[in-house]
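The sequence and the coordinates are shown first, and the commentary follows.

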4 protein chains.
Amino acid sequence: MSGNSIGKLFTVTTFGESHGLALGAIIDGCPPGIEICEEDLQIDLDRRKPGTSRYTTQRREDDVVKIMSGVFEGKTTGTSIGLIIENTDQRSKDYGKIKDRFRPMHADYTYQQKYGSRDYRGGGRSSARETAMRVAAGAVAKKYLRACGVEVRGYLSQLGPIAIENVDWAVVETNPFFCPDANKIPSMEEYMQKLRKSGDSVGAKLTVVASGMPVGLGEPVFDRLDADIAHALMGINAVKGVEIGAGFDCVDALGSTHRDELTPEGFTSNNAGGILGGISSGQDLVAHLALKPTSSILVPGKTVDLDGNPVEVITTGRHDPCVGIRAVPIAEAMVAIVLMDHLLRNRGQNADVRSATPVIPAATS
Amino acid sequence: MSGNSIGKLFTVTTFGESHGLALGAIIDGCPPGIEICEEDLQIDLDRRKPGTSRYTTQRREDDVVKIMSGVFEGKTTGTSIGLIIENTDQRSKDYGKIKDRFRPMHADYTYQQKYGSRDYRGGGRSSARETAMRVAAGAVAKKYLRACGVEVRGYLSQLGPIAIENVDWAVVETNPFFCPDANKIPSMEEYMQKLRKSGDSVGAKLTVVASGMPVGLGEPVFDRLDADIAHALMGINAVKGVEIGAGFDCVDALGSTHRDELTPEGFTSNNAGGILGGISSGQDLVAHLALKPTSSILVPGKTVDLDGNPVEVITTGRHDPCVGIRAVPIAEAMVAIVLMDHLLRNRGQNADVRSATPVIPAATS
Amino acid sequence: MSGNSIGKLFTVTTFGESHGLALGAIIDGCPPGIEICEEDLQIDLDRRKPGTSRYTTQRREDDVVKIMSGVFEGKTTGTSIGLIIENTDQRSKDYGKIKDRFRPMHADYTYQQKYGSRDYRGGGRSSARETAMRVAAGAVAKKYLRACGVEVRGYLSQLGPIAIENVDWAVVETNPFFCPDANKIPSMEEYMQKLRKSGDSVGAKLTVVASGMPVGLGEPVFDRLDADIAHALMGINAVKGVEIGAGFDCVDALGSTHRDELTPEGFTSNNAGGILGGISSGQDLVAHLALKPTSSILVPGKTVDLDGNPVEVITTGRHDPCVGIRAVPIAEAMVAIVLMDHLLRNRGQNADVRSATPVIPAATS
Amino acid sequence: MSGNSIGKLFTVTTFGESHGLALGAIIDGCPPGIEICEEDLQIDLDRRKPGTSRYTTQRREDDVVKIMSGVFEGKTTGTSIGLIIENTDQRSKDYGKIKDRFRPMHADYTYQQKYGSRDYRGGGRSSARETAMRVAAGAVAKKYLRACGVEVRGYLSQLGPIAIENVDWAVVETNPFFCPDANKIPSMEEYMQKLRKSGDSVGAKLTVVASGMPVGLGEPVFDRLDADIAHALMGINAVKGVEIGAGFDCVDALGSTHRDELTPEGFTSNNAGGILGGISSGQDLVAHLALKPTSSILVPGKTVDLDGNPVEVITTGRHDPCVGIRAVPIAEAMVAIVLMDHLLRNRGQNADVRSATPVIPAATS
């Protein structure tokens with residue numbers, strides 16, 4: 001398959017550019033009989049929506065999603081679900097000035113070389129605007145997973161130099177940073193104020209957790225659950241790193257202390273992040289991702305134009321000083337899509353399996 | 001597709017358990033007319049082979065690969081290539097004692113729950129032994145890529161607490177650690193001696209670099225090159241984290257300093273790791289991966305048996321105190337397979353493309 | 001992948017029900033730089049459009065297609081192309097009466113059993129209305145193929161008992177039957193008049209020919225070109241048989257007379273229909289397909305209701321007495337999509353191939 | 001995926017040439033816990049095996065299959081199953097004389113042009129010898145389907161001019177033709193004697209029937225069950241036509257007589273061949289396929305050599321005068337593989353479905 005699809009049995013295919021007529025997606029393989037309405041999708045779209053606080057771009061996108069097919073009398077029919085978000089606020093004039101030059105760290109140069117031309121209006125297909133459709137499709141997966149007892153949630157674990165110290169899920173939705181640590185919010189606000197004044201941008205680290213996980217999701221040896229999650233998260237714009245569980249901390253760890261032991265009362269820890277041998281263990285699935293600083297900044301930079309001549313570039317327009325913040329719902333959506341796909345795949349091959357071994361409870365942490 | 005295949009146009013499918021009759025692979029989609037012989041594959045298999053130094057398992061595996069089809073009169077025919085490695089040294093008796101219990105941090109428990117039973121002989125399909133076939137298939141991709149000017153190489157960038165400081169490619173193949181920094185080899189030897197005596201294990205960090213990269217490999221939006229590399233590397237046994245370029249260091253970086261600027265003379269840096277918008281930029285592709293400590297250690301640990309009763313486990317047998325070391329050729333192979341696949345995919349869709357923009361040279365670092 | 005996609009590199013995914021808000025498609029993998037506009041697609045949509053003659057359903061569908069993405073400044077960008085056709089004339093009331101019973105030979109019963117419920121409005125997803133999107137997507141493939149010298153055309157080769165005797169391409173588009181034999185048109189008109197009066201329906205046989213074929217399209221052993229064409233054509237509503245070249249006539253043929261011999265001046269015949277060993281030979285690709293009579297007729301029939309009780313059914317509403325007629329553009333589209341996909345796949349794997357053997361001209365017939 | 005794989009969840013990938021070291025296959029996605037041994041596969045391999053009667057090639061192939069992985073303690077483990085058949089009787093010398101010329105109606109010419117060279121030993125990959133692996137893989141699917149109550153069987157429905165009139169399953173395995181009509185066997189024997197003397201070959205028509213079918217297999221709209229069966233059967237060497245149910249007879253049929261009506265006691269007929277809207281109806285699945293005459297005959301024919309010069313060709317060596325005969329087990333295997341794949345796919349997406357409508361019994365015919 002070409003590149004705009006993800007998933008084997010639960011497949012999401014998307015289209016749409018930043019400044020085209022609309023964004024769209026087709027969800028193929030969704031089980032029938034699931035109650036789905038546009039509000040279910042809108043909730044997550046609104047969480048991702050820009051312009052909700054002064055710490056994100058002031059560009060307004062209503063992101064109103066319409067379900068075009070696959071749902072009849074309030075329930076999924078089992079056929080393909082068509083989704084559309086019409087583009088409203090476009091402001092093409094903002095982007096005319098970068099038509100003939102490549103923004104550093106953007107996809108402008110690579111699209112130009114790969115395709116011989118590019119849609120220069122706000123990055124076209126390479127714009128993070130495309131992720132709205134992932135969030136809409138992910139919302140369908142999240143609803144189904146929730147009915148299966150699986151909850152997929154995310155939070156901001158580090159903003160630039162500010163790392164969180166505590167995770168209180170109740171705090172996450174109460175602040176514009178998706179920060180789970182109430183004590184860190186004031187410093188984050190202060191930091192973002194300064195950052196905006198400087199016209200610069202900063203990176204971020206996010207964490208996604210899936211709780212209530214069943215045992216057995218993931219297909220050895222290449223379509224491991226962790227491999228597919230790494231694929232899904234690294235495929236989000238600006239992501240440069242993905243970790244499962246302890247991630248890179250395992251490099252200088254000893255096997256004797258790093259391992260999660262098994263007891264009838266439960267696993268003693270969760271350094272594995274809920275995946276063993278590429279298969280979910282029933283422990284919480286824990287993934288971390290690193291997002292680079294927004295490349296669109298007011299600080300002048302060196303680049304070349306379409307003919308390869310040296311020029312200077314300043315990206316005006318309305319951009320997030322930290323793209324990581326709004327990526328929380330996107331990361332949740334991608335993890336949900338992968339879990340949904342593996343849930344159906346596992347059911348397809350292993351529906352008959354009955355294991356005599358009791359399920360080990362997850363570590364309580 | 002089910003889970004034992006990777007790649008869309010250049011597809012590798014594998015079979016085989018640690019203690020079965022043989023390991024095998026089918027390479028589908030390899031271009032015709034490529035000179036390939038068993039020696040080409042054996043070189044990398046020998047680099048991965050255990051028992052080559054006292055820092056790896058003393059288990060002997062000859063890993064002699066045979067090409068069963070797809071090569072005629074010394075050249076690939078364009079049809080599917082069958083590969084076989086017969087298992088020789090098996091020593092099943094070593095594994096009998098873990099037949100009825102789950103080794104912590106291993107796939108034993110998840111396989112048992114997913115499939116209702118498991119091949120307990122050395123981990124069966126979940127054993128790293130399976131990766132020998134990846135190395136063999138990767139060698140075919142590496143040879144083709146080399147003919148296209150692309151060189152895929154890897155090294156050990158950190159062994160437990162010991163991080164390298166310099167990269168000298170000439171040093172990598174001269175020591176059993178694939179360490180590129182001559183000054184670090186003595187301390188690595190000393191560390192491994194102590195580790196072995198303690199019966200414990202440790203993690204490692206590896207780096208893979210592809211130089212001579214063409215511009216334009218990678219398919220937006222889901223099959224990005226970085227997403228597929230993350231999928232391929234996270235799919236290697238024991239890997240818990242993957243980074244592209246600066247990776248997690250981007251979290252507290254500023255956009256103004258993090259970005260790689262473009263000049264006619266070349267990119268000014270390579271924090272992006274050679275990928276922009278999921279498409280190769282022509283800069284060196286740089287990926288890092290973290291491998292957890294070997295789970296098979298002599299230090300006793302808690303676990304449960306098939307009936308869920310608490311028991312103690314000690315993994316005797318012959319195991320690597322640091323699985324990361326031997327994973328260097330595996331990581332190279334996986335990156336090569338992904339690049340090969342994207343080379344063919346890009347050629348399929350974009351063969352007609354002629355860009356007017358000159359190619360920007362890679363950063364010299 | 002789930003069932004609403006076709007093609008590996010040139011992938012078409014569709015959504016939409018007969019009486020939903022809209023039909024849609026995503027074309028993924030289309031090469032960049034191709035001049036495409038909505039008129040290009042509308043031409044074939046209009047050829048398929050009902051209500052154009054009194055021999056087809058009088059149901060009016062404007063079938064106006066909109067390109068939502070993937071085309072910028074008149075050319076394809078290489079990213080996914082989104083297509084939409086909004087449903088206008090729906091007349092749901094026509095279908096209320098079959099809400100609780102299964103129309104014989106329709107998908108009503110199987111959808112109900114597979115999904116537990118169904119969109120009973122005009123067949124929902126199982127309606128031939130869905131094929132409008134295939135025609136739109138196929139038009140993109142046809143345009144690209146035409147630029148490569150490949151022309152995909154179809155005609156009606158038999159209407160009920162009336163088989164054509166001559167093929168004059170100039171005649172095909174001059175009559176509502178896509179009949180290539182001017183002498184047969186009057187009898188077809190007469191036959192259809194009687195058929196309509198009787199409230200019955202009849203089957204048809206179509207032929208699709210691709211001329212100007214390159215040698216080498218098709219991937220042994222399972223993705224043979226003929227296998228993929230059979231898949232694409234058998235996947236059209238009401239199709240019950242597919243033939244390549246001489247098709248079923250080969251059953252009582254002798255090898256000595258059936259074979260197409262090769263001479264420097266050209267092949268001596270084309271019983272193979274342009275495919276040898278699953279790979280295009282450069283001869284005209286010739287495929288035939290059989291379509292069953294429309295199941296929606298005024299003649300009363302026996303069936304059961306949702307509870308399994310025996311009931312009688314009469315399908316009123318506006319239906320084609322011969323669905324085969326309007327299927328000509330659909331069959332062309334499916335063949336074009338398959339050829340486009342294999343053109344890209346073959347280029348991806350075999351772009352380097354240079355054969356020393358001269359191309360044998362096609363048989364002149 | 002490239003061309004040597006078939007199936008989405010139950011995936012079979014094959015390798016091997018007529019005169020290479022071995023044939024092999026990987027079955028990926030087979031459910032765990034199925035009792036499988038080599039004898040299960042050997043039964044069907046022996047049914048296909050040449051040299052069993054004087055009506056097939058006297059070339060001896062022992063076709064002894066070995067299970068290399070995926071089966072442990074007599075049961076499938078859920079991981080990939082590796083299969084190998086070593087080539088024994090090769091006689092390369094027989095084929096030397098056609099090294100430099102293309103056999104008419106063979107794949108020689110198209111392979112040469114597609115790949116730039118070819119394995120001329122007995123057709124290499126294009127040889128029907130490759131189908132042995134399909135039979136072995138199909139045997140696994142047949143065993144699983146049988147446990148689900150689905151029986152896949154085939155027979156020869158026409159040999160050249162001799163069409164059968166009655167189907168008695170008990171007769172099929174009692175004669176070398178897989179003929180179900182005892183009255184036709186003598187004339188078939190006589191016909192084949194004459195044919196062999198003349199050095200010519202003839203075509204054949206086969207029929208495959210799957211009884212005990214569940215309702216609901218098949219994925220609209222492109223992966224319909226009939227579309228995938230057409231793909232699988234047209235992908236068998238020499239097949240030029242595929243029909244489902246009444247097939248081409250539907251062309252001059254009327255809707256009022258052709259339709260299969262539904263009654264609580266059962267369907268009144270089975271012209272649909274067990275598939276409605278691309279989904280199995282629970283009636284017997286009935287498919288027919290046409291195979292062209294063997295192209296390898298003793299009658300001299302015109303062709304060209306590698307340089308395009310006109311030459312004459314006579315195919316000596318040991319060939320079947322009617323390849324159709326031995327294709328019965330191959331056709332059964334392909335249908336079984338498709339059904340197995342759709343069984344798992346349907347279970348994956350629709351496991352939760354409970355329909356209130358009772359199942360309509362199959363037509364008794």
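## Hairpins in chains A and D

Within strand S18 of chain A, A:Glu312 is the bridge partner of A:Lys302. The model described here is a predicted one. The pairing of strand S17 (residues 301-304) with strand S18 (residues 310-313) of chain A is antiparallel and comprises four bridges. Together S17(A) and S18(A) make a hairpin in which five residues separate the two strands. A:Gly308, located in the turn, has a positive phi of about 90 degrees.

Chain D also contains a strand S17 (residues 301-304) and a strand S18 (residues 310-313), which pair in the antiparallel sense over four bridges. In this pairing D:Val304 stands opposite D:Pro310, a residue of S18(D). S17(D) and S18(D) form a hairpin with five residues between them, and D:Gly308 in the turn has a positive phi of about 90 degrees.

## An open sheet in chain A

Chain A has an open sheet of five strands, arranged in the order S1-S2-S3-S7-S4 with antiparallel pairing. Its edge strands are S1 (5-6) and S4 (65-67), each of which pairs on one side only. Strands of a sheet pair through backbone hydrogen bonds, in either the parallel or the antiparallel sense.

Helix H1 of chain A covers residues 38-48 and includes A:Arg48. An unreviewed UniProt entry places the feature "binding site" at A:Arg48 and at A:Arg54. Is A:Arg48 buried or exposed? Its relative accessibility is 2%, so A:Arg48 counts as buried, the cut-off for this class being under 20%.

Helix H9 of chain A comprises 23 residues, 328-350, and at 1.5 Å a residue it should span 33 Å. The C-alpha atoms at its ends are 32 Å apart, which agrees with that expectation. H9(A) is also mostly covered, with 23 of its 23 residues buried. In an α-helix there are 3.6 residues a turn, so residues three or four places apart point the same way.

## Relations between the chains

The same surface serves both copies, since 100% of the contact residues of chain B recur in chain A.

Chain A is in turn superposed on chain D by a rotation of 180 degrees, with 0.0 Å of shift along the axis and an RMSD of 0.0 Å. For this axis, the C-alpha of A:Gly348 is the nearest in chain A, lying 1.9 Å from it. Here too the same surface serves both copies: 100% of the contact residues of chain A recur in chain D.

## A glycine in contact with chain D

C:Gly247 belongs to the loop between strand S11 (239-244) and helix H7 (255-258) of chain C. Its relative accessibility is 0%, so C:Gly247 counts as buried. Which residues does C:Gly247 contact, leaving aside its neighbours within four places in sequence? C:Gly247 is in contact with D:Lys240 and D:Ala290.

Within its own chain, C:Gly247 is 242 residues from C:Ser5 along the sequence, and the C-alpha atoms of these two residues are separated by 27 Å.

## Cysteines

How many disulfides does a search of the whole structure find? Over all chains, the search finds zero. B:Cys30 is in no disulfide, and the nearest cysteine sulfur, that of B:Cys148, is 11 Å away. For a disulfide, the two sulfur atoms would have to be within 2.5 Å. With a relative accessible area of 1%, B:Cys30 is buried.

In chain C, C:Cys179 likewise is in no disulfide; the nearest cysteine sulfur belongs to C:Cys322 and is 12 Å away. C:Cys179 has a relative accessibility of 0% and therefore counts as buried.

Methods:
Residues numbered from 1 in each chain as written. Chains lettered and ligands numbered in written order. Predicted model: local features only at pLDDT ≥ 70, side-chain atom pairs only at ≥ 80, totals over all residues. Heavy atoms only, no water. Expected span 1.5 Å × (residues − 1). Buried < 20%, exposed > 50% of the residue type's maximum accessible area, 1.4 Å probe, protein only. Contact = heavy atoms within 4.5 Å. Pairing = 2+ DSSP bridges. UniProt positions renumbered as here; feature names shortened; annotations may be inferred. Least-squares fit on C-alpha atoms with pLDDT ≥ 70 in both.
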